[in-house]
Amino acid sequence: MKYEHLFKPIKLAGVVFKNRIFSSPTGLRYTFVNGTLMPTAPQYYGRKAMGGAAAVAVGECIVDSLYGKTTEYKIEMDNPASVHGLSLLTDSVSRYGAICVAELSHGGAGANRYPGAPDVIYGPVDYTYFDGRQVKEMPEEIIERTIQKYADAALMAKKCGFGMVNVHAGHGWMMHQFLNPKLNTRKDKWGGAPIENRARITVECLKAIRKAVGPKFPIEVRISGSECYEGGYDIEEGIAFAKQIEEYCDLIHVSVGSHEVESLFPITHPSLFLDEGCNVKYAAEVKKHVKTPVAAIGALCDPELLEEIIASGKADVVEMARALIADPDLPIKAQTGREDEINKCMRCLTCFSDLVRNGHFSCACNPEIGREEEALYFPKPAQLKKVLVVGGGIGGMEAAITAAQRGHTVTLCEKSSELGGTLNCERNVPFKFRLDDYIERQKRTIEKLGIDVRLNTEVTPENAASFGADAVIAALGAVPVKPPIPGIDGANVISAENAYTEPDRVGKNAVILGAGLVGVELAVYLAMLGRNVKIVEMMDAINDGGNFQHMKGVKVQLDKYKIEISLSTRAAEITADGVKCVKDGAEVFFPADTVIYAVGQRALQDEAMALYSAAPEFYQLGDCTAPSNIKNAVATAYVTARNIGRI
Ligand SMILES: Cc1cc2nc3c(=O)[nH]c(=O)nc-3n(C[C@H](O)[C@H](O)[C@H](O)COP(=O)(O)O)c2cc1C
């Protein structure tokens, strides 16, 4: 067996987990405002169990809805109305032989920050939270109440069919706030210098939980092994905490960071600029000092790496959040030797941005997540058709694959000499290596499905009908906009696409016009290659394209490489030495050897529309309808192709 350590069952508190792959807590917004579950929640978590994970954790189930709730959309473990939904959810997971896990959480100083929330906010001490709100020191009777609430919540979890609880003592929530040596300066037994005091609330909660649920019910504790910033606590403190709690739990899950510091978000949820498995070292360090099993987390998705972590003894369990959103079938695919079919997470954080903004799970490269039941039970085609897909970019490839998987006969025409579309230009960028992986995987799938791929083939209104298709899907994409600035045709000016494919053409000092996602990511790439980069942007803010969680990681890199961005600045003329700009009515000059434009894309709408009469059915999707992102191209391609021949 290839991954024998990864797929070796493990027993925690006498309960058997069928392998070492646990789905890390994801949560946030699968409830109505009264805390009861939306019907989509059991499907989302159940789908991960179907894919072979041994445990599937439901994020942030709040133990005290009066003092511990962080947003209005949280599961309330002290609300009897939650029972029916949670019981259905646990059943959806455990019927696949996976253990359903409830992450028990209390926001402490981070609670009650939503409209209409109760006024009182309790933390370890009186202080001003980072958002400016006043926090009151949690009095003894509220501490006692909180401990009882944890015990009650764990019992409720057990009654609802959860097979384990995960006590959240990291990421800056209540238990972590009490642990924090700088913050928790209380003079009583719940704080101050001794670690026993700062860990006491966690330990007391764990004891109360054990009493409530009995010995044969595993308890996992999620900690931040290190806060990972100067001024925060380090791994020594994390180890000391682990030693305090190990006697009272069955698994110590070592994450990192604290959400009170924005720049830590891309470390807790490793951004694509960090290495895969970058946080495993914290788990490995804790493991050296405790006897209780340890779980590692962070930027994991490669079965070889997962196996190595377990085999080398760095951890006993590996947990993943985003990798199982990108591909819930990762465990089964690894187990059955189909690793090359795994849709490996690009860590673009579309999932987290969408979840916070729109309240539901999505993924750039998995159009089924968040719509699991629809995907599983969508009707088979009533008619099989001949489908012509025009354009072999991200949208075109996905449309061709989906149509072929549903039994249609597909021809995929691409004007250029390779599949992949505009994103091919980023394929050598180190932090985009999983994008490259994704494109390669799509190509492999296209080959396996026997799709008739015709490269160097332009489909025009004149020749389109000759393909004899029943349905034409135009996925022509977009082309870079060349801004009409004097000097734009100079020898020192290139497009962002060219800068990516031929970085040697970029001189020592570069100015990028445009601080959209393309401009800022390109700036980071060029800075990594040793160029001095400045960005000039007409608007008064960076355009994150809606992906504000990814942008947190980009900002860390912009700071690291000291990349200056001049906002509200209009480029007026490009000369041989740089760019003349206007800012606040005054002229400013930015010297540069190379000027790069990254001011957006023009949709090939007219070219796509011109194909409308090429077949009885005609569809347009992706960037040729409006330049957008991978998620929108993949999602529209998937549903469009799936709908062909439905009736
Ligand atoms: C969409 C999303 C939702 C998350 N929700 C929670 C949550 O409710 N509770 C929690 O402790 N962590 C939550 N996390 C953090 C993950 O459990 C995990 O620690 C983090 O994403 C790093 O692991 P990964 O690299 O495998 O994604 C969430 C992460 C994502 C991407």
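A polar contact is a pair of N or O atoms within 3.5 Å. In this predicted model, a backbone N or O atom of Pro25 lies 2.7 Å from an oxygen atom of the ligand, and a polar backbone atom of Ala321 is 2.9 Å from an oxygen atom of the ligand. His168 takes part through its side chain, a polar atom of which lies 3.0 Å from an oxygen atom of the ligand.

## The shell around the ligand

On its own the ligand has 600 Å² of accessible area, and the protein covers 98% of it. Strand E3 (21-26), strand E4 (55-62) and helix H13 (350-358) are the elements that give two or more residues to the shell around the ligand.

There are 23 residues around the ligand, and those that come nearest are Ser24, Pro25, Glu103, Arg222 and Arg322. Sorted by class, the shell consists of 10 nonpolar, 9 polar and 4 charged residues.

Leaving aside neighbours within four places in sequence, Met174 is in contact with His106, Gly107, Gly108, Met138, Thr146, Tyr150 and Ile201. As for Glu236, which is 62 residues apart from Met174 along the chain, the C-alpha atoms of the two residues are separated by 20 Å.

Technical notes: Residues are numbered from 1 along each chain as its sequence is written. This is a predicted model: local features need pLDDT of at least 70, side-chain atom pairs count only at pLDDT 80 or more; totals for chains, interfaces and linings use all residues. Side-chain values use heavy atoms; hydrogens and water are left out. A residue is near a molecule or strand if one of its heavy atoms lies within 4 Å of it. A polar contact is a pair of N or O atoms within 3.5 Å; within protein, one must be able to donate a hydrogen and the other to accept it, and residues adjacent in sequence count only if both atoms are side-chain atoms. Accessible areas come from the Shrake-Rupley method with a 1.4 Å probe; for residues, only the protein chains shown count as cover. Helices (H or I, at least four residues) and strands (E, at least two) are DSSP runs, numbered from the N terminus. Ala, Val, Leu, Ile, Met, Phe, Trp, Tyr, Cys and Pro count as nonpolar, Asp, Glu, Lys and Arg as charged, and the others, Gly among them, as polar. Contact means heavy atoms within 4.5 Å.
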